[in-house]
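Hi,

Here is the structure I said I would pass on. Have a look at it first, then read my notes below.

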Amino acid sequence: VFPLTVWLALELIAPTSPQKDLFLLGSAGPAGITALNLALYYNVRTEAIAQVIIYTSVLTLISLAVLA
């Protein structure tokens, strides 16, 4: 969903930007890494967020395959 939102925003704001593709691919990155960083920062068990990391990694693969 987030890559689609970024694509729409880029089409409206900067349709001819040469960096548009880079922003789009960057938005499709795994959000689970952010959850891992926050868990480490707040001393939360990383096992508790393992599912989030797995789900976002799978969704990332799907969205990157669609974008490529």
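The crossing of α3 and α4 is left-handed. (Left-handed: the near helix is turned anticlockwise from the far one by less than a right angle; right-handed: clockwise.) The contact is formed by G32, A35 and L36 from α3 and V52, I53 and T56 from α4. (Contact means heavy atoms within 4.5 Å.) Four of these residues are nonpolar, two are polar and none is charged. (Ala, Val, Leu, Ile, Met, Phe, Trp, Tyr, Cys and Pro count as nonpolar; Asp, Glu, Lys and Arg as charged; the others, Gly among them, as polar.)

Some background. This is a predicted model, where local features need pLDDT of at least 70, side-chain atom pairs count only at pLDDT 80 or more, and totals for chains, interfaces and linings use all residues. Residues are numbered from 1 along each chain as its sequence is written, and side-chain values use heavy atoms, with hydrogens and water left out.

Helices are DSSP runs (H or I, at least four residues), numbered from the N terminus. Helix α3 covers residues 32–41 and helix α4 residues 50–67. They pack at an angle of about 160°, with axes 8 Å apart. (Axes are lines fitted to C-alpha atoms over the stretch in contact; angles run from 0 to 180 degrees between N-to-C directions.) α3 and α4 are therefore roughly antiparallel (over 145 degrees).

Now the other pair. Helix α1 (residues 2–13) packs on helix α2 (residues 20–27) at about 160°, with axes 8 Å apart. That makes α1 roughly antiparallel to α2. Their crossing is right-handed. The contact has seven nonpolar, one polar and two charged residues.

Best wishes

Conventions: Helix = DSSP H or I, 4+ residues; strand = E, 2+ residues; numbered from the N terminus. Parallel < 35°, antiparallel > 145°, perpendicular 65-115°, else oblique.
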